[in-house]
Amino acid sequence: MLGIDRFLTPGHGSGGKIRSSLQDFQVEEILPYPFSGTGEWAILKIEKTGVSTLAARQELARLLHTSLQNVGYAGLKDTRAVTRQHFSVPFASLERVKQFSHPGIKILETFRHSRKVKIGKLYGNRFIIVMRECDPEAGLEIFESLKKTGIP
């Protein structure tokens, strides 16, 4: 498994569980620029549930009848999660977006932009992580520690 399985903080831990369901781990991508409103690229803000970035890219290319090279993304997101991220596709394929249907992928918004979304060109990610069945006092102690130190 890739990613962080455990993160240690001072103290005895909370006894809690993370990732009991896909909705317990949510990631939202933050791009570092506003969209221009003009240009040859359509930017799709999508929500994926249990779908990898590369699988979503492949599905977009297939259903929009374009090559994989024409589908841009800024970074890989967790598969075992609900993630919101941006993909770029040629603006000419925007009409096909209206017919896009996939059980694990929802198109939330579309924008027009002068540049393709490129790997590594993102500001960061915002996370929502739900911990279940934890000791509330220990959970608050850990939360306070993480507010000071952050998470790698």
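The exercises below go from the overall fold to the core and then to the salt bridges. This is a predicted model, where local features need pLDDT of at least 70, side-chain atom pairs count only at pLDDT 80 or more, and totals for chains, interfaces and linings use all residues. Residues are numbered from 1 along each chain as its sequence is written, and side-chain values use heavy atoms, leaving out hydrogens and water.

**Exercise 1. Find which residues touch the most other members of the largest nonpolar core.**

Step 1: collect the core, meaning buried Ala, Val, Leu, Ile, Met, Phe, Trp, Tyr and Cys residues joined through side-chain atoms within 4.5 Å. Buried is under 20% relative accessible area, exposed is over 50%, and partly exposed is in between (1.4 Å probe, protein chains only).

Step 2: among the 16 residues of this core, L44, L60 and F87 come out on top. The elements giving two or more residues to the core are β3 (41-49), α1 (53-63), β5 (82-90) and α2 (94-97).

Step 3: zoom in on L44. Leaving aside residues up to four places away in sequence, L44 touches, among others, L60, F87, V89 and I107, with contact meaning heavy atoms within 4.5 Å.

Step 4: turn to α1, where T53, A56, R57, E59, L60 and A61 are buried. Their cover includes β3, β4 (72-73), β5 and β6 (105-113).

**Exercise 2. Compare the salt bridges K106 to E47 and E59 to R62.**

Step 1: apply the rule, a side-chain nitrogen of Lys or Arg within 4 Å of a carboxyl oxygen of Asp or Glu.

Step 2: take K106 and E47, whose closest N and O atoms are 3.5 Å apart. K106 sits in strand β6 and E47 in strand β3, so the pair ties together parts 59 residues apart in sequence. E47 counts as buried, at 17% relative accessibility.

Step 3: now E59 and R62, with closest N and O atoms 2.7 Å apart. Both lie in helix α1, three residues apart, about one turn of the helix. E59 is buried at 18%, whereas R62 is exposed at 52%.

Technical notes. Helix = DSSP H or I, 4+ residues; strand = E, 2+ residues; numbered from the N terminus.
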